[in-house]
Amino acid sequence: MAHPGAEPVDVPIRDASIRLGQFLKLAGLIDSGADAKSVIADGLVTVNGEVERRRGRQLQPADVVAFSGRGARVAR
């Protein structure tokens, strides 16, 4: 478990962008799409330091997603 302030891990994506719900799963921050829906709706996920409640938000390379003390950066 990463401590607060730890560097986020780079998670490469195939396309130019990816939806938040998909990225959480790809990065291994959650187990399933159903989990993504609930943790995002509960305001537990941040994108670039701000709470994000839209599961379909398009992420771009360099965006940093954090959940439960762990972070992942969108990479190409």
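A salt bridge here is a side-chain nitrogen of Lys or Arg within 4 Å of a carboxyl oxygen of Asp or Glu. By that rule the structure holds 4 salt bridges, while D63 is buried and has none. Keep in mind that this is a predicted model: local features need pLDDT of at least 70, side-chain atom pairs count only at pLDDT 80 or more, and totals for chains, interfaces and linings use all residues. Residues are numbered from 1 along each chain as its sequence is written, and side-chain values use heavy atoms, with hydrogens and water left out.

**R73 and its partners**

- R73 and E7 meet through their side chains in a salt bridge, at 3.2 Å from N to O.
- R73 sits in strand β7 (residues 70-75) and E7 in the segment before β1 (9-12), so this pair ties together parts that are 66 residues apart in sequence. Strands (E, at least two residues) are DSSP runs, numbered from the N terminus.
- R73 also forms a salt bridge with D10, where the closest N and O atoms are 2.6 Å apart. That pair links distant parts of the chain, with R73 in strand β7 and D10 in strand β1, 63 residues apart.
- On accessibility (buried is under 20% relative accessible area, exposed over 50%, partly exposed in between, with a 1.4 Å probe and protein chains only), E7 is exposed at 64%. R73 is partly exposed at 23%, and D10 is partly exposed at 48%.
- E7, D10 and R73 end up in one network, joined by salt bridges that share partners.

- E52 forms a salt bridge with R54, the closest N and O atoms being 2.8 Å apart. E52 is buried, with a relative accessibility of 6%.
- D63 is in the loop between β5 (58-59) and β6 (64-67).
- What is the nearest side chain of opposite charge to D63? It's R57, 4.4 Å away; for charge, Lys and Arg count as positive and Asp and Glu as negative, with His and the chain ends not counted.
- The D63 side chain does reach the backbone nitrogen of Q60, at 2.8 Å. That's a polar contact, meaning a pair of N or O atoms within 3.5 Å; within protein, one must be able to donate a hydrogen and the other to accept it, and residues adjacent in sequence count only if both atoms are side-chain atoms.

**The second largest pocket**

- This pocket has a volume of about 160 Å³. A pocket is an open set of points on a 1 Å grid over the protein atoms alone, where a 1.4 Å probe fits, with protein on both sides within 12 Å along at least five of seven lines.
- Its lining consists of P12, I13, R14, D15, S17, I18, Q22 and L26, and lining residues have an atom within 4 Å of a point.
- By type, the lining splits into 4 nonpolar, 2 polar and 2 charged residues.

- G56 is in the loop between β4 (50-51) and β5, and is partly exposed at 43%. Counting C-alpha to C-alpha, G56 and G43 are 14 Å apart in space and 13 residues apart in sequence.
- V45 belongs to strand β3 (residues 45-47) and is buried, at 0% relative accessibility.

Methods: Points joined across faces, edges and corners; volume = space filled by probe spheres on them. Nonpolar A, V, L, I, M, F, W, Y, C, P; charged D, E, K, R; others polar. Helix = DSSP H or I, 4+ residues; strand = E, 2+ residues; numbered from the N terminus.
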